[in-house]
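I opened this notebook to record what I looked up in the structure. The entries follow in the order in which I made them.

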Amino acid sequence: AAMANVGTESIGAYNAYLEGLSFRPCQVDLSCVAAHERAIGIDPEFAEAQFQLAEYWRGQLQLTRVNADPGIPYAEIEERFQRHVASAIEFVSSPVDLLKYRALRASGDMRLADHVELLLAYLESRPNDAASWMDLALAQQQMGDLAGSLPALKTAEQLNSRIELSVLLINRYNTAGDSANAARLARRVMIEASTSRNGLYQAHRGLLMAGEVSEAAEAARLFHQNPIADSDPTSAQVLDIRQACAEGRDAD
């Protein structure tokens, strides 16, 4: 029944889709992308798997990204996003899911007002979708409504207490001007995700923005204590520059 509700009749495609979900967030672990690609290779009309891939490529369109780099030209990233989101919209059978897919396409096209309107319509039917509340908060922030994004952020946190969401919320709370909640979640990440470089990177930033310089130094120590997973030193350099600035070590 769950397989049918998510939009495929193929056990192989459904298993690959579930495997992809287990690797989320896709922006950090490319195994997620490979699994969803296997799913649509088996069932090209599997709209939700197409949506998951479109969502990944939408993230790669953000020019400030610091996560896994797919190593392909920007124009090709745009083409992949548009192709997968168009397939999701073409093959979807649920009118509610259609709202979510159209919202994603509006986001990729930078039609921000449409993005917000479609997400609000979708959340009327799916109020327990924490990820979409996060998307709504981001869209509101992109439109300049920083304080107005706080209700969506708090709803997302109430619906999903997983540490992965806490990592994302640190930056979003800071953007909304709520440094107290950002620092609270940063402390949680330091305890519960002390081996996550991405988590500690966000925790460090959150604590600095809350003015907690000594706690941020501990987050930096934990960050450097973990082995570097790739050859890109950028995040470590940015973290060290921030800490040096906060401590007044201008020469460093």
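**Helix H8**

I listed the buried residues of H8 (buried: under 20% relative accessible area, 1.4 Å probe, protein chains only) and found Ala130, Ser132, Trp133, Met134, Leu136, Ala137, Ala139, Gln140 and Gln141. The model is predicted, with local features needing pLDDT of at least 70 and side-chain atom pairs pLDDT 80 or more, while totals for chains, interfaces and linings use all residues. Residues are numbered from 1 along each chain as its sequence is written, and side-chain values use heavy atoms, without hydrogens and water.

Helices are DSSP runs of H or I with at least four residues, numbered from the N terminus. Among the elements covering the buried residues of H8 I noted H6, H7, H9 (150-159) and H10 (163-175), where contact means heavy atoms within 4.5 Å.

I then checked the length of H8 (residues 130-142): its 13 residues should span 18 Å at 1.5 Å a residue, and the end C-alpha atoms, 19 Å apart, agree with this. The expected span is 1.5 Å times one less than the number of residues.

**Helices H12 and H14**

I looked up the packing of H12 (residues 197-209) and H14 (residues 234-246): the angle is about 20 degrees and the axes are 11 Å apart. Axes are lines fitted to C-alpha atoms over the stretch in contact, and angles run from 0 to 180 degrees between N-to-C directions. H12 and H14 are therefore roughly parallel (under 35 degrees).

Conventions
Helices (H or I, at least four residues) and strands (E, at least two) are DSSP runs, numbered from the N terminus. Angles under 35 degrees count as roughly parallel, over 145 as roughly antiparallel, 65 to 115 as roughly perpendicular and the rest as oblique. Buried means under 20% relative accessible area, exposed over 50%, partly exposed in between (1.4 Å probe, protein chains only).
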